[in-house]
Structure formats: structure tokens, C-alpha cells
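Here is a short tour of the model, meant to be read with the structure open beside you. Please have a look at the chain first, and then we will go through it together.

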Amino acid sequence: MDREKEIVRISVIGIFVNMVLVAFKLAVGFLSNSIAVILDGVNNLTDALSSVVTIIGTKLAGKAPDKKHPYGYGKMEYVSSVTVAVIILLAGFTAFRESFDKVLHPEAADYSVISLIIIAVAAAVKLLLGRYVKTAGKIHHSEALAASGTDAMLDAVISLSTLVAAGISMAFSVSLEGVLGIVISVFILKTGVEILLESLGNIIGTRVDGKLSAELKAFICKNPAVLGAYDLSLHQYGPERLIGSVHVELPDDMTAREIHGLTRQITENVYRDFGIVLTVGIYASNTVDGVFAGMKKALSALLLEYPEVLQMHGFYVDTEKMLVSFDLIMDFKTENKAAIEGDIIRRMKERFGEYDFIAILDSDVSD
Ligand SMILES: [Zn+2]
């Protein structure tokens with residue numbers, strides 16, 4: 001709950017600072033007849049709106065899970081990020097249209113020294129606010145907060161450029177207002193598209209971060225009984241709620257009692273150190289080596305001829321059923337997965353005729 005309070009507190013600061021800036025900029029903009037300064041103010045207004053949406057999103061996301069939504073409401077944060085993106089895009093389109101109009105029908109702006117000072121101070125304030133919000137967003141893993149921080153820093157650059165445009169138009173009496181307005185609009189639109197793509201990606205579901213997946217697998221394999229960890233799959237229900245599963249290879253002479261203790265321990269330790277709820281599935285690994293090691297080696301060598309095959313794991317020989325099973329992970333881009341699988345099984349059968357072979361195609365969900 002601390003996280004939620006912090007995000008709300010920082011957002012409220014952002015809203016307050018932005019509203020003060022909006023008031024000053026709109027006043028200066030209208031008094032000096034400067035579309036660039038007015039748009040700069042409008043841009044700050046979208047920031048304040050974004051912060052309001054961030055607060056609503058965080059509040060909704062913090063709601064405890066219930067019977068109907070047992071995975072919690074964490075994904076509401078992604079929805080609020082999408083809303084923020086849409087607000088920014090709308091502001092960008094409006095700004096673009098207005099600026100284009102100013103290019104066709106230029107009007108000279110008339111700045112006073114006091115208005116230039118106000119713009120300069122506003123830019124500095126915005127830059128500091130942006131840095132503060134962005135850092136806080138990273139600390140609390142809030143995408144919406146980090147995004148609004150980045151946005152604020154970009155806005156400071158926009159404010160500075162209105163200052164430069166004012167200087168140029170005063171020195172050379174040419175109006176850069178419209179052109180600058182278009183540049184500002186493009187920046188606003190770009191920010192909107194980026195936030196939209198990132199939050200949509202999170203809603204659709206993205207690949208587990210490579211660093212996290214390597215760390216988790218190494219952590220699980222630290223247990224001496226675990227021969228390997230595979231098929232790590234994680235689902236995100238908001239930035240703070242990760243649920244998933246992993247498969248571990250264990251010696252086939254372990255008892256249910258031993259496996260029970262081991263898998264419980266893995267689940268508990270992973271939750272303690274990573275905050276991830278992980279279900280552990282198991283593969284047996286032949287403890288009696290000899291012929292099986294040779295067969296596994298032959299399979300590995302054979303697989304080298306298939307660049308589409310990224311990994312083989314879960315290799316196990318059932319000596320009673322004379323059945324060899326293993327999992328294959330193929331590149332997502334592979335088109336003829338079934339044909340390749342059939343080919344591999346046929347070639348293994350040719351060499352080890354007394355056995356049957358079965359391959360399971362796993363998805364390449366994590367590194
Ligand atoms: Zn597998």
C-alpha cells in the first residue's frame with residue numbers, strides 16, 4: 001500500500017505544479033498573442049490530466065482480488081496508461097491543426113520581458129518536476145509515473161524552444177510561431193504513440209525480461225537436487241503481481257515425499273526473494289546412465305542439424321514402456337514444426353529401433 005500512497009502523493013504534486021504553469025502560460029500566451037506559448041500551456045494541461053488518470057488507475061489497481069477477479073486489478077494501471085496516451089494524442093492533433101493554420105496565416109506575437117522570464121522559469125520548474133517524477137516512477141515500478149516524468153522533461157525542452165522562437169522573432173521580426181507549433185505537436189504525438197504502444201504491449205503480454213528469467217532459473221538450480229530449470233512462464237497482472245510456472249528436472253529415484261518438500265521450498269523461496277508466485281512442474285531424469293546418456297548425446301548431435309530447434313529438455317527413457325520422451329522448443333518463426341518433429345522422431349527410431357519416441361513442442365516463452 002506504501003507504493004500506492006507514494007504514487008498518489010507524487011501525482012498530486014505534479015497536478016498542482018502543472019496547473020500553476022498552465023495558468024501562467026495561458027495568460028502569457030494570450031497577452032502576447034503567441035500560439036506557441038498557448039500550446040505549451042495546453043501541453044501542460046494534458047500532463048495534469050494524465051496525473052489525474054494515473055491516480056485513478058493506481059487506486060483501482062490497488063483493489064484487493066475478489067471472486068470475480070481473482071488475479072487482482074493490477075492491469076488497470078495499463079488501462080490508465082492507454083487513457084493517458086489517448087489524451088496526449090488528442091492534444092497533439094489539436095496542436096498540429098492550430099499550428100498549421102498559423103503557418104498559413106501568420107500573426108506577429110508581441111512578448112514583454114516579464115512574459116519571457118515567466119516562460120524561462122516555467123521551463124526550469126518543468127525540468128526539475130520531470131526528473132523528480134521519472135526517478136520516483138522507476139523506484140516504485142510505475143510505468144504511468146515514469147512516462148509522465150519523461151513527458152514533463154520533454155515539455156521543458158518545448159518551453160525552452162518557445163523562448164528561443166520569441167528571441168528570434170524579436171531580433172529579426174520574423175514569426176516562427178507556426179513552425180515551432182508544428183514541431184511541438186510532433187513531439188506531443190510521438191510521446192502519445194510511445195506510451196500507447198508500451199501499455200498495449202503489457203496488456204497483450206510480453207516476453208519475460210531476459211535478465212529476470214536467467215536470474216530465476218539460476219536461483220532454482222542452486223538447489224543440489226535440481227538438474228535443470230525449463231519452460232519458465234510468467235504472467236503479469238500489474239507491475240507488482242507476477243504468476244507463473246517452471247519445470248525442473250529431478251532424478252527419477254526421488255520419492256513423492258522428497259519432491260513435495262523440494263517443490264514447496266522452491267515456491268516459497270522464489271516468492272520470498274522475487275515476489276513471484278511460481279508453480280513447479282517436474283521432469284524425471286534417468287539416474288542409471290549408460291545407454292541413455294549415449295542416446296541423449298545422439299539426439300543432441302542430431303538436433304544440431306536443425307537450426308530451428310532452440311532447446312531440448314525433459315529427456316527421459318521409460319524402460320518399462322520402452323518409451324523415450326523429450327521436449328523441443330522451436331523458433332516462433334518456424335513454419336513446418338510438425339514436419340521437423342516427425343523427421344527427428346523418424347531418424348531416432350531408425351537408430352534405436354527397440355524404442356518408441358515422443359516429442360512435445362514447447363513454446364519459446366522465455367530465454
Ligand atoms: Zn518442457
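Isoleucine 282 counts as partly exposed because 17 C-beta neighbours sit inside 10 Å; a residue is buried if 20 or more other C-beta atoms lie within 10 Å of its own, exposed if 12 or fewer, and partly exposed in between, with C-beta atoms placed from the backbone. You can find isoleucine 282 in strand 3 (residues 276-285). Once neighbours within four places in sequence are set aside, isoleucine 282 is in contact with His247, Val248, Leu250 and Ile259, where contact means that the C-beta atoms, placed from the backbone, lie within 7 Å. Leucine 250 is 32 residues from isoleucine 282 in sequence, and their C-alpha atoms are 6.8 Å apart in space.

Before going further, a word on the model. It is predicted: local features need pLDDT of at least 70 and side-chain atom pairs count only at pLDDT 80 or more, while totals for chains, interfaces and linings use all residues. Residues are numbered from 1 along each chain as its sequence is written.

Another isoleucine to look at is isoleucine 345, in helix 10 (residues 337-351). Isoleucine 345 is partly exposed, with 16 other C-beta atoms within 10 Å. Apart from neighbours within four places in sequence, isoleucine 345 is in contact with Phe357 and Ala359. Its C-alpha atom is separated by 42 Å from that of proline 239, 106 residues apart along the chain.

Asparagine 33 has a positive phi although it is not a glycine, and histidine 141 has a positive phi although it is not a glycine. Each is partly exposed, as the table shows.

| Residue | Phi | Loop | C-beta atoms within 10 Å |
|---|---|---|---|
| Asparagine 33 | about 55° | between helix 1 (2-31) and helix 2 (35-61) | 14 |
| Histidine 141 | about 50° | between helix 4 (113-139) and helix 5 | 14 |

Now for a helix pair. What is the angle at which helix 3 and helix 5 pack? Helix 3 (residues 76-104) and helix 5 (residues 143-172) pack at an angle of about 25°, and their axes are 9 Å apart. Helix 3 is therefore roughly parallel to helix 5, a term for angles under 35 degrees. The axes here are lines fitted to C-alpha atoms over the stretch in contact, and angles run from 0 to 180 degrees between N-to-C directions. On the helix 3 side, Glu77, Ser80, Ser81 and Val84 meet Glu143, Ala144 and Ala147 of helix 5. By class, the residues of this contact are 3 nonpolar, 2 polar and 2 charged.

Stepping back to the whole chain, there are 10 helices and 6 strands; helices (H or I, at least four residues) and strands (E, at least two) are DSSP runs, numbered from the N terminus. The domain assignment gives domain 1 (2-204) and domain 2 (210-362), and the C-alpha centres of these domains lie 48 Å apart. Between them, 10 residues of domain 1 are in contact with 7 residues of domain 2.

The C-alpha atoms fill a box of roughly 90 × 45 × 35 Å, taken along the principal axes. Of the 367 residues, 34% count as buried. Among contacts with a separation of 6 or more, 71% come from residues 24 or more positions apart.

Notes: Parallel < 35°, antiparallel > 145°, perpendicular 65-115°, else oblique. Contact = placed C-beta atoms within 7 Å. Nonpolar A, V, L, I, M, F, W, Y, C, P; charged D, E, K, R; others polar. Domains from an automatic or database assignment.
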